[in-house]
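Let's walk through a structure together, one feature at a time.

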Amino acid sequence: MLDPPVRELLRHTRGLVLWLTGAGISAESGIPTFRGKEGYWRVGSQNYQPEEMATMRAFREMPDEIWAWYLYRRSVCRSAQPNAAHRALARAEQRAGDDFLLVTQNVDGLHVRAGNTLDRTYQIHGNIDFMRCSRECLEAPVSVPDAIDVRWEKGRPLGERERELLRCPSCGAAGRPHVLWFDESYDEPNFRFQSSIEAARLASLVIVVGTTGGTSLPMHIGTIAAQRGVPMLVVNPEPNPFSELVRRTGKGAFLPGTAGELVPLLVNALLSGEG
Ligand code: APR
């Protein structure tokens, strides 16, 4: 049940609602969160943390192992299904049209699989089902080839066949996962950086779901909203830097709880104010 002031806020919101999601929204689909218990990854005799694996540096040093890690994670994402929170956001877009925008840090593709459109879904950290040229010769990412097994067990090594399949289809250089790595920067063509900032400057309400706020663009969006005095609703089982912003500005609310439980309620309350 939502508190009456939150319901009122949602019912009276007009204009753009910016939803910002992180790994927590997919937790109830069975995809481990980043800073949760996913744990290390073993390459040979060495253990690596996700923050070390998700770098261009690691890809340069051990491309096959990094690809194998992504193919395993792709396999986890492919076998997961969108949950009640994803489905509610698809419904929200269908009803709100251009007054809806979704900025997601998730590479799992579940928002799009639930029905959100790519025009209104900015995948600011990429999508694990896609790859691009490591020399950046392609204008847009391409799908990881269908011939690559979608079931990829943890620890399965990359073979010669996959190495060939994962080449850039245009120039033949190595392909790379279409994700943003820790030692890389956001940009517009791949990650909708400027468009996300622009949306934060226009939004009437920002709703943040399931993120620790550990990356820069999401925090930038939260800070812009706070500076503009725009209300922010924060859905998370635990407080985070976004709930701290809400506490400081007094605009919006921190809603402790899970995405699957709260996002459908928020969407229902928003849609009840339509027209
Ligand atoms: N509903 C809502 N939130 C949840 C749920 C749930 N069922 N379960 C967990 N959470 C919250 C956690 O409390 C935590 O705040 O989701 C958040 C997940 O945080 P992270 O694992 O840090 O994921 P995220 O914030 O999306 O990470 C951001 O960092 O590692 C990089 O690029 C990677 O996109 C990722 C980015």
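## Reading the features

Q: Let's start with charges. Which residue forms a salt bridge with glutamate 8, and how far apart are the closest N and O atoms?

A: Glutamate 8 pairs with arginine 11, and their closest N and O atoms are 2.7 Å apart. Keep in mind that this is a predicted model. Both residues sit in helix H1 (residues 4–12), three residues apart, which is about one turn of the helix. Glutamate 8 is partly exposed at 35% relative accessible area, and arginine 11 is partly exposed too, at 34%.

Q: Where do arginine 163 and aspartate 64 lie?

A: The side chains of arginine 163 and aspartate 64 meet in a salt bridge, 2.7 Å from N to O. Arginine 163 belongs to helix H8 (residues 160–165) and aspartate 64 to helix H5 (residues 63–79), so the pair ties together parts that are 99 residues apart in sequence. As for accessibility, arginine 163 is partly exposed at 29%, and aspartate 64 is partly exposed at 22%.

Q: And what about aspartate 98 and arginine 120: how many residues apart in sequence are the parts they tie together?

A: Those parts are 22 residues apart in sequence. The two side chains form a salt bridge at 3.0 Å, N to O. Aspartate 98 is in the loop between helix H6 (84–96) and strand E4 (100–104), while arginine 120 is in the loop between helix H7 (110–114) and strand E5 (121–123). Aspartate 98 is exposed, with 62% relative accessible area; arginine 120 is partly exposed, with 22%.

Q: Which residues do salt bridges that share partners join into one network?

A: That network is made of Asp149, Arg156, Arg161 and Glu162. If you search the whole structure, you find 17 salt bridges.

Q: On to the cysteines. How many disulfides does the structure hold?

A: A disulfide is a covalent bond between the sulfur atoms of two cysteines. Here the count is zero. Take cysteine 133: the nearest cysteine sulfur belongs to cysteine 171 and is 3.7 Å away, and cysteine 133 is in no disulfide. To call a disulfide, the two sulfur atoms have to be within 2.5 Å.

Q: Is cysteine 133 buried or exposed?

A: Buried, with 0% relative accessibility. Cysteine 77 also counts as buried, at 7%. The cut-off to keep in your head is under 20% for buried.

Q: What does threonine 55 touch?

A: Not counting residues up to four places away in sequence, threonine 55 touches Trp181, Phe182 and Asp183. You'll find threonine 55 in the loop between helix H3 (50–53) and helix H4 (56–61), and it is buried at 11% relative accessible area.

Q: Now the ligand. Which residues come nearest?

A: Of the 19 residues around the ligand, the nearest are Phe34, Arg35, Thr211, Thr212 and Asn236. One is 2.7 Å from a polar backbone atom of phenylalanine 34. A polar side-chain atom of histidine 125 comes 2.8 Å from a ligand oxygen, and one of threonine 211 lies 2.6 Å from a ligand oxygen. Taken alone, the ligand exposes 740 Å², and the protein buries 90% of that.

Q: Last one: backbone angles. What is phi of arginine 192 near?

A: It is near 55°, a positive value in a residue other than glycine. Arginine 192 sits in the loop between helix H9 (188–191) and helix H10 (193–202) and is partly exposed at 28% relative accessibility. Glutamate 136, not a glycine either, has a positive phi of about 55°. Glutamate 136 is in the loop between strand E6 (126–133) and strand E7 (142–143), and at 42% relative accessibility it is partly exposed.

How values were computed: Residues are numbered from 1 along each chain as its sequence is written. This is a predicted model: local features need pLDDT of at least 70, side-chain atom pairs count only at pLDDT 80 or more; totals for chains, interfaces and linings use all residues. Side-chain values use heavy atoms; hydrogens and water are left out. Helices (H or I, at least four residues) and strands (E, at least two) are DSSP runs, numbered from the N terminus. Buried means under 20% relative accessible area, exposed over 50%, partly exposed in between (1.4 Å probe, protein chains only). Contact means heavy atoms within 4.5 Å. A salt bridge is a side-chain nitrogen of Lys or Arg within 4 Å of a carboxyl oxygen of Asp or Glu. A residue is near a molecule or strand if one of its heavy atoms lies within 4 Å of it. A polar contact is a pair of N or O atoms within 3.5 Å; within protein, one must be able to donate a hydrogen and the other to accept it, and residues adjacent in sequence count only if both atoms are side-chain atoms. Accessible areas come from the Shrake-Rupley method with a 1.4 Å probe; for residues, only the protein chains shown count as cover.
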